[in-house]
Amino acid sequence: MPSSNDFTLTQSQILNIWKYAQASLLIVTALSLPKIFEFAAMGTFDKHVNEIMLALFLIAIFYSFWNYMVIACTQFRTDKDTLNYKHGVLNTTTDPIQLYRVKDITAYAPIYLRIFGLGSITIYSSDKTSPELNISAIKNHEMTASRLMKLVEKSRVEKGVREFD
């Protein structure tokens, strides 16, 4: 049964804004190919232009869809004493980080995320597989970092773990 300490973080698709812009540029290029070929060939129309247009269009659509799915399939979930980082589109990987292993949490908001009311968190831990975990483009990043730090402290007290420098 989920407790009040359990929560899930998902990243915003704003991380893909440049990739979506690239795909849009590719689509515009594909749509303008007939005019480019018409101008370059002075009136003659190459018979393969339609195939090239379709290929560029499909590449742009697949590229956008894949990048969307990468973000949509990334999830950060906490429970009583673990932060689970689950990622992957075709093959998923779940990387658990014990909360008592977290050394520090940094919340920051670069300008391109602040415009959209988003921020990022970096979690530093003594975990071997994920010593530094970045959670980018999330809402309420400062509140989330504070909430995570409270969970870390609670987990350390429950486990009797102290940190020595």
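Is Y112 buried or exposed? Y112 counts as exposed, at 51% relative accessibility, and the cut-off for that class is over 50%. This residue lies in helix 3 and belongs to a nonpolar patch on the surface. The model described here is predicted.

**Nonpolar surface patch**
- The patch is formed by I17, W18, I111, Y112, I115 and F116, which together have about 740 Å² of accessible area.
- At least two residues of the patch come from helix 1 (17–40), and at least two come from helix 3 (111–114).

**Aromatic pairs**
- A pair of aromatic rings is described by two quantities, the distance of the centres and the angle of the planes.
- Rings pair if their centres lie within 6.5 Å, and planes under 30 degrees apart count as stacked; by this rule the count comes to two aromatic pairs.
- In the pair of F62 and W66, the ring centres are 6.2 Å apart and the planes stand at 25°, so this pair is stacked.
- Both F62 and W66 are located in helix 2 (residues 49–72), with a spacing of four residues, about one turn of the helix.
- F62 has a relative accessible area of 54% and is exposed, whereas W66, with 32%, is partly exposed.
- F76 and Y85 form an aromatic pair that is also stacked, with 4.9 Å from centre to centre and 5° between the planes.
- F76 counts as buried because its relative accessibility is 1%, and the limit for buried residues is under 20%.

**Surroundings of D6**
- D6 is placed in the segment before strand 1 (7–10).
- With a relative accessible area of 24%, D6 is partly exposed.
- When residues up to four places away in sequence are not counted, D6 touches T78, D79, K80 and R147.
- D6 and L83 are separated by 77 residues in sequence, while their C-alpha atoms are 9.5 Å apart in space.

**Positive phi in residues other than glycine**
- A137, a residue of strand 7 (residues 132–139), has a phi near 55°, a positive value in a residue other than glycine.
- A137 counts as buried, at 1% relative accessibility.
- N140 is not a glycine, yet its phi is positive, at about 50°.
- The loop between strand 7 and helix 4 (141–159) holds N140.

Note on methods. Residues numbered from 1 in each chain as written. Predicted model: local features only at pLDDT ≥ 70, side-chain atom pairs only at ≥ 80, totals over all residues. Heavy atoms only, no water. Phe/Tyr/Trp six-rings, centres within 6.5 Å; stacked < 30°, edge-to-face > 60°. Buried < 20%, exposed > 50% of the residue type's maximum accessible area, 1.4 Å probe, protein only. Patch = residues over 30% accessible without salt bridge, like charges linked within 9 Å, V, L, I, M, F, W, Y side chains within 5 Å. Areas by Shrake-Rupley, 256 points an atom, 1.4 Å probe, with all protein chains shown as cover. Salt bridge = Lys/Arg side-chain N within 4 Å of Asp/Glu carboxyl O. Contact = heavy atoms within 4.5 Å.
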